[in-house]
There are 2 protein chains.
Amino acid sequence: MCQNFRMQTKLLGSSAGGGFPQWNCSCTNCRALRKGELNGKSRTQSQVALSSDLKSWFLLNASPDLRAQIESTPELQPSSSGQSIRHTPIAAVILTNADLDHVLGLLLMRESQPIHVYATKSVRRILTEDNSMFKMLDQKQGQVKWTDVVSETPFELCGVDGVKSTLICTPFSLPSKYPIYVGSERASELSREEAVLALVIEDTKTKKKMAYLPGIAALDESWLKRIGSCDLVFCDGTFWTDEELKKLSGAPRTSREMGHIPMSGELGSIELLSKIDRRVTKVFTHINNTNPALNENGPEYACIRDAGLILGHDGMVFDL
Amino acid sequence: MCQNFRMQTKLLGSSAGGGFPQWNCSCTNCRALRKGELNGKSRTQSQVALSSDLKSWFLLNASPDLRAQIESTPELQPSSSGQSIRHTPIAAVILTNADLDHVLGLLLMRESQPIHVYATKSVRRILTEDNSMFKMLDQKQGQVKWTDVVSETPFELCGVDGVKSTLICTPFSLPSKYPIYVGSERASELSREEAVLALVIEDTKTKKKMAYLPGIAALDESWLKRIGSCDLVFCDGTFWTDEELKKLSGAPRTSREMGHIPMSGELGSIELLSKIDRRVTKVFTHINNTNPALNENGPEYACIRDAGLILGHDGMVFDL
């Protein structure tokens with residue numbers, strides 16, 4: 001079917017870790033949302049699913065909200081036509097780092113279901129060597145298949161039936177750190193280059209490309225050029241300003257120090273992304289609950305829209 | 001206020017691990033529910049919250065669905081009247097074992113929020129020594145407070161403000177096993193008596209008592225007597241028959257071998273619970289997606305109702 005020869009990308013979750021609202025937060029946004037007084041949307045934790053044939057689906061990271069995200073997405077639910085009562089159209093998960101909001105969903109994908117996980121060797125080691133819970137993915141022989149990925153080395157994504165898809169993923173190492181739970185001693189044994197990845201995925205049939213950057217501290221010339229060659233980019237939209245979390249909750253680090261480029265200001269993501277060709281669809285995701293752009297009546301939201309950018313929300317679908 | 005002097009128990013989640021529907025399952029129940037053809041309710045993973053003053057809340061286990069469960073329960077959301085934008089009325093979590101569907105929610109309760117966890121020493125060691133991710137609960141000094149609990153040794157529950165509540169919890173060791181991910185070698189270093197607990201919680205002000213038994217392989221005379229002295233019991237309602245999962249998905253173990261008394265048959269929970277005084281409110285929880293009782297048009301559901309028992313569902317509230 002002709003209609004199948006496209007890459008479809010679904011933004012299942014668009015919030016940073018904790019979601020929106022966040023369980024213990026009563027900031028302006030969370031309070032207004034709970035009271036029904038915000039012109040804005042609740043959001044689950046960041047999650048993307050994509051497919052080039054609408055049969056096999058690939059997850060970019062595995063969010064803690066994955067169970068609800070699957071139940072709100074019929075394409076990701078098991079087929080009822082097969083012989084086994086257990087099935088999934090999810091062929092694989094590609095991890096960009098070991099952050100809890102990107103990996104906890106793997107622990108929801110158990111129930112003896114075969115699953116393929118692409119990650120750097122270091123991220124795999126953190127999960128499988130330092131966290132015994134991940135043995136739940138390995139109850140049956142061959143249940144979980146880990147494939148180590150290497151920066152700037154493209155790999156083909158394999159579908160649910162073992163047949164290669166038309167999708168090729170290229171991971172790029174970003175200058176960043178391992179999650180706090182890894183600890184400095186353990187981190188020193190791991191390759192710094194394997195802490196955080198950005199992904200570029202191309203459909204070789206249509207030559208369409210998307211980039212996935214849920215956590216990036218700066219958009220340098222090489223990234224601006226790379227994004228310019230894509231058709232769709234999901235960009236880190238965690239914070240509005242560099243000092244946002246410091247001011248609101250006394251967090252010890254700035255947005256950039258946490259590995260997140262702020263949206264506003266000089267060399268912020270809005271300024272830089274708006275310079276890129278308007279034919280590239282640019283979508284913010286991984287939006288923190290404190291980000292004032294979540295208020296769709298506010299000047300920050302208008303600023304994003306006027307720059308030709310999109311504030312991502314759960315359930316958005318992009319066809320390339 | 002007089003109305004505050006009662007124990008309120010909320011059943012926030014009533015399903016076994018995986019929830020209902022389960023992400024990779026197309027059994028009769030899951031398929032019919034997704035199609036909108038089941039006279040039955042979707043369920044999140046088992047979770048109870050209780051309070052004796054409606055200010056401080058205590059969680060029995062911490063389910064992977066806790067984020068959504070908190071957002072659907074205003075009492076568990078942060079106060080917006082305090083000085084800090086970060087707050088929770090959840091004073092503590094009491095763990096009955098180290099199963100993923102009972103502990104993953106702890107990893108959702110981060111964001112530097114102080115939290116008190118009651119568990120056996122062995123369960124604490126599994127989480128904190130064998131799973132580096134739990135360091136996320138310990139970013140700030142004093143953020144997480146672990147209290148080791150001992151079978152048949154009552155302890156007082158402490159409220160959010162550090163003032164003791166009127167609730168006393170007595171844990172009871174059950175003959176059972178550690179989760180599969182713990183492995184036999186590690187399990188041999190741990191006390192078998194600390195693998196699985198049942199809880200009895202009494203409000204010393206009203207003398208009302210509830211029992212929480214989300215996983216129990218058999219209801220012996222001592223348990224039947226203990227339940228008979230309670231006002232409310234949440235009992236393991238995982239499977240309808242002992243062979244249920246073996247037949248449906250080729251699981252290697254029976255219900256009892258997995259530590260779950262089946263509902264039906266000789267020495268099943270329906271037969272035994274129906275003998276207990278009808279003044280005790282008896283509620284099934286931790287109901288597996290495959291359990292035919294989930295179909296409210298079916299004979300199994302009628303059998304439960306006719307025996308004076310309740311098939312628990314999300315959102316139920318019990319005042320004692």
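These questions and answers walk through a predicted model, from one chain's fold to the relation between two copies.

Local features need pLDDT of at least 70, side-chain atom pairs count only at pLDDT 80 or more, and totals for chains, interfaces and linings use all residues. Residues are numbered from 1 along each chain as its sequence is written, chains are lettered from A and ligands numbered from 1 in the order in which they are written, and side-chain values use heavy atoms, leaving out hydrogens and water.

Student: How many helices and strands does chain A have?
Tutor: Both are DSSP runs, numbered from the N terminus: H or I over at least four residues for helices, E over at least two for strands. On that count, chain A has nine helices and 14 strands.

Student: What radius of gyration does chain A have?
Tutor: The value is taken over C-alpha atoms, and the globule rule is 2.2 Å times the number of residues to the power 0.38. With 320 residues, a compact globule would come near 20 Å, so chain A agrees at 19 Å.

Student: What share of the residues in chain A is buried?
Tutor: Buried means under 20% relative accessible area, with a 1.4 Å probe and protein chains only. Of the 320 residues in chain A, the buried share is 59%.

Student: In what order do the seven strands of the open sheet in chain B run?
Tutor: Two strands pair if DSSP finds at least two bridges between them. The pairing here is mixed. β6 (144-148) and β14 (316-319) of chain B each have a single partner strand, so they stand at the edges. The order in chain B is β6-β5-β4-β3-β2-β1-β14.

Student: Which residue in β4(B) is the bridge partner of B:W57?
Tutor: Strands β3 (residues 57-60) and β4 (residues 90-94) of chain B pair in the parallel sense, over four bridges. Within β4(B), the partner of B:W57 is B:I90.

Student: Which strands of chain B does helix α4 touch?
Tutor: Contact means heavy atoms within 4.5 Å. Helix α4 (residues 121-130) of chain B packs on the sheet. The strands of chain B that α4 touches are β5 (115-119) and β6.

Student: Which C-alpha in chain A is nearest the axis relating the copies?
Tutor: Copies are superposed by least squares on the C-alpha atoms of residues with pLDDT of at least 70 in both. A rotation of 180 degrees with 0.0 Å of shift along its axis brings chain A onto chain B, at RMSD 0.0 Å. That is the relation of a two-fold axis. The C-alpha of chain A nearest the axis, 2.0 Å from it, is that of A:N131.

Note on methods:
Axes fitted to C-alpha atoms, helices over the stretch in contact; angles between N-to-C directions. Buried < 20%, exposed > 50% of the residue type's maximum accessible area, 1.4 Å probe, protein only.
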